[in-house]
Amino acid sequence: MSWVAVALISIGVRSAAAETIRLSVDLSEAPRRIFHARLVIPATPGPLTLVYPKWIPGEHGPTGPIENLVGLKFTAAGKTLAWRRDDVDMYAFHLEAPAGANALEVELDYVSPSQADQGSTASAQLAVLNWNQVLLSPKGRAPGELTYAATLRLPAGWKFGTALPVAKQSGETIEFAPVSLTTLVDSPVLGGAHFRTIPLRVSGLPSHQIDMAGDSESALEMPASMVENCGRLVAEANALFGTHPYRSYRFLLSLSDHVGGFLGLEHHESSDNRTPERSLRTDGLRQLTGNVLAHEFVHAWNGKYRRPAGLATPDFEQPMKGNLLWVYEGLTEHLGNVLSARSGLYTPEEFREDLASAAATLDRARPGRTWRPLADTAVSAQVLYNAPGAWISWRRGTDFYNEGLLIWLEADGIIRRQTQNRRSLDDFLRRFYGGSNGVPGLEPYTLDELVSALQAVAPYDWKGFFDARLSSTSPRAPLGGIEASGWKLTYTDKPNEIAEVIDREYRRVADFSYSIGLRVRTRNEDGQILDAVHGMPAARAGLAPGMKLIAVNGRQWSADELRSALRTAKKTRKPLELLVENAGFYRTYFVNYTEGEKYPHLVRDASRPDLLREIIKPRASGPGTSPNEQRQNGRPGASAPLREQARRGST
């Protein structure tokens, strides 16, 4: 007997793959942050095991929020069934269907966290439904083999957006067309009382639109220029890759201070994007939002259609291997920024400031590079995503975003050099990611296949190139791509407006990483030290994460006061005097530092061609002046980068 037959008998599930599991979800109490669900699962008498999704595609870890699964009840043939959680696999439930049973009925609730930074998926005015949070499935059956027919009930007056095909709607109840479990989990629903749909019409391409829900009507006021640039984003991405691996695409955008957990999560035909309520009305947060949309859109090609083999697991229970996340996320980080610039969501100056911020973080604020190579940050992503922000400089975080960005910028320069500027990274992207058109398929790849595709575009020792950067424990970041592009990383006393605005408006921190080596929380002038960079002046003086700044040179702490003290120390040559509270005890620390404020920027190296300018030049055809040219002398640069801490919600 085959192992498949044994598995089907052992779990008591009918063998006919066409049988449909019915799932009904009621969001009428979403403002209370409780989602109700009911499943009807075809079954035969005997023992069976049901599982809750554990490894969620795109989240790179065992993140299925089973701790929020409550109210679980099983019935069959009119009887309430006893159940037992597996004592090793917390995501598996064992029970037995009684004689005469032909279906198992499951009732459950999902209780959403109440805080945005804890992963809340609902506010008083909107909700994001991730189907994996409200369902169980028979163990041993591949998600692609299981068919789910889902219905959804919304609160009165709410509207919704999703890539999931709708069969019919009656009032607040929506019936979706039956799909595989794979497609269902890949198709979140955004609903809300304040809702707006913006079509993005691009000639020659299928339907693209932005579905927005906000905590207020004013939250949905996307400027006309941003709408135009989002349309350009679609055109530029399709021009870059040459094909589109989806039938249509929806940018789902929730605008709330009460929904969070991450900035964006990718799906084949949609993306789940979450930014603060005021994002579209605030310069800086608006650019952050546009860059989130760009990053997640790139994932339709890099991450969903083409995916590292270690992340293309057969179901939601098998562990994923993140060794190629520097491609999955690092290349996407680079391309998200490039496409933001090509479409006008970033100005050229904003693009460079963002790049400078990413490079400087790795070059000066990650001493953990000396013991932990980049490869290990990718392999251990499943633990680093949820690691605390404290000691991130010494521990390292999910640095495969930023460092992957630098590596792929350098790879672009190598391709151009090796081919005498006849080819670029764009040629590799069309070759490697441009095979699918109009179909949300999945084609896994290995590092050898990636290297082979690069070799076909530009002969080079690509394996050696990647190995050297992935295994390096050099204290310095790989800045070769920036320098080969005709720019240099430098530090001045002028704030990097890209980094400053995301810290001020989104993270609510003040960053002194490049001077004394501190990151301090500014929400309500809290003053808590989030990190003290190992080896920098503040750390050498004895300061550490968890301590709290009380006073600077005898005056009450504030970010501005500390900035002023840095400027004063440069003139007086006297150490900083910081009064600090540590678990109820007070002490004054003297920080010997007299070099003033320092913030990262890129400066032009006139001895080399400006490749960055060429890299962000628009590729899609269209009338009129390019968006970059239109905005070259426009508003001051004030944007926000997508660094790894912001993307997944940590500080």
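What follows is a walk through selected parts of this predicted model.

Residues are numbered from 1 along each chain as its sequence is written, and side-chain values use heavy atoms, with hydrogens and water left out. Because this is a predicted model, local features need pLDDT of at least 70 and side-chain atom pairs count only at pLDDT 80 or more, while totals for chains, interfaces and linings use all residues.

Confidence comes first. The pLDDT, which is the predictor's confidence in each residue on a scale from 0 to 100, averages 92 over the chain. Of the residues, 93% score at least 70. Residues 1–18 have a pLDDT below 50. Beyond near neighbours in sequence, that stretch has 31 contacts in the model, a contact being heavy atoms within 4.5 Å. Residues 623–651 also have a pLDDT below 50. Their stretch has 114 contacts beyond near neighbours in sequence.

Now the strands. Helices (H or I, at least four residues) and strands (E, at least two) are DSSP runs, numbered from the N terminus. Two strands pair if DSSP finds at least two bridges between them. Strands of a sheet pair through backbone hydrogen bonds, either parallel or antiparallel.

Start with strand E2, residues 34–42. How many of its nine residues are buried? Seven are, so E2 is largely enclosed by the rest of the structure. Buried means under 20% relative accessible area, exposed over 50%, and partly exposed in between (1.4 Å probe, protein chains only). Strand E1 (residues 20–26) runs antiparallel to E2 and is joined to it by five bridges. Here Ser24 stands opposite Arg38. Strand E8 (residues 103–111) is also antiparallel to E2, with nine bridges between them. In this pairing Ile41 faces Leu104 of E8.

An open sheet of four strands has the order E6-E7-E3-E10, paired antiparallel. Its edge strands are E6 (83–85) and E10 (137–138), each pairing on one side only. E10 is joined to strand E3 (residues 46–51) by two bridges in the antiparallel sense. Leu50 stands opposite Pro138 in E10.

Two bridges join E29 to E28 (residues 548–552), and the two run antiparallel. Ala551 has Gln556 in E29 as its bridge partner. Axes are lines fitted to C-alpha atoms, for helices over the stretch in contact, and angles run from 0 to 180 degrees between N-to-C directions. In the loop between E30 and E31 sits Ala583. Ala583 is not a glycine, yet has a positive phi of about 55°. Is Ala583 buried or exposed? It is exposed, with a relative accessible area of 67%.

Next, a helix pair. The axes of H13 (residues 447–457) and H14 (residues 462–471) come within 9 Å and cross at roughly 125°. That makes H13 oblique to H14; angles under 35 degrees count as roughly parallel, over 145 as roughly antiparallel, 65 to 115 as roughly perpendicular and the rest as oblique. H13 contributes Leu447, Asp448, Leu450, Val451, Leu454 and Gln455 to the contact, and H14 contributes Trp462, Lys463 and Phe466. By class, the contact has six nonpolar, one polar and two charged residues. Ala, Val, Leu, Ile, Met, Phe, Trp, Tyr, Cys and Pro count as nonpolar, Asp, Glu, Lys and Arg as charged, and the others, Gly among them, as polar.

The loop between H10 and H11 holds Arg396. Arg396 is not a glycine but has a positive phi of about 75°. At 1% relative accessibility, Arg396 counts as buried. Phe400 is found in the loop between H10 (392–395) and H11 (402–418). Phe400 is buried, at 0% relative accessibility.

Ala538 is buried, with a relative accessible area of 0%. Leaving aside neighbours within four places in sequence, Ala538 is in contact with Ile516, Leu518, Leu543 and Val591.
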